[in-house]
Amino acid sequence: MPVISMFYGISIYINFSEHNPPHFHAWHAGRKGTFSIKTGELLNGEMSQRDTKLIAAWAELYRKELMLNWNIARKHGVLIPIKPL
C-alpha cells in the first residue's frame, strides 16, 4: 500500500484495485482502520478516538485529493501525495 500522507505519526494509504465504496486506510501505533472518503467515518478496524477525529478532519480538508487518488489507484497509476494535517 503506497503512503499518500503522514501526520502525527498516522500513515494514510490507498490500495490499488480496491473495491467500492471509495475508502482509504490508516495506521498508527499498531492499529489499523478503513475510512470512508465521502464521510471520513471509520468503516472498519480499530483506531483511537483521537486518531479517528484527526483522520476525519484531514479527510474533510482533502476529500477531492482523496477521490483523485482513489481513481488513480484503481487504474494502477502513480498516487499523488496529500499534505498532512
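How many salt bridges does the count come to when a side-chain nitrogen of Lys or Arg must lie within 4 Å of a carboxyl oxygen of Asp or Glu? The count comes to one salt bridge, in a model that is predicted.

**View 1. The salt bridge of R50 and D51.** The side chains of R50 and D51 meet with an N to O distance of 2.9 Å. Side chains of opposite charge can pair when their charged atoms come close. R50 has 46% relative accessibility and therefore counts as partly exposed. D51 counts as buried because its relative accessibility is 4%, and the limit for buried is under 20%.

**View 2. Helix α2 and its buried side.** Helix α2 comprises the 12 residues 63–74. At 1.5 Å a residue the helix should span 16 Å, and its end C-alpha atoms are 17 Å apart, so the two values agree. The buried residues in α2 are L66, N69, W70, I72 and A73. These residues cover an arc of only 165° around the axis, which means that they lie on the same side of α2. The buried residues of α2 pack against strands β1 (3–7) and β3 (23–28) and against helix α1 (49–61).

**View 3. A nonpolar surface patch.** Y8, L61 and L85 make a nonpolar surface patch of about 320 Å². Of these residues, L85 is found in the segment after α2. The relative accessibility of L85 is 35%, so L85 counts as partly exposed.

Terms used:
Residues numbered from 1 in each chain as written. Predicted model: local features only at pLDDT ≥ 70, side-chain atom pairs only at ≥ 80, totals over all residues. Heavy atoms only, no water. Helix = DSSP H or I, 4+ residues; strand = E, 2+ residues; numbered from the N terminus. Expected span 1.5 Å × (residues − 1). Buried < 20%, exposed > 50% of the residue type's maximum accessible area, 1.4 Å probe, protein only. Arc of directions from axis to C-beta. Contact = heavy atoms within 4.5 Å. Patch = residues over 30% accessible without salt bridge, like charges linked within 9 Å, V, L, I, M, F, W, Y side chains within 5 Å. Areas by Shrake-Rupley, 256 points an atom, 1.4 Å probe, with all protein chains shown as cover.
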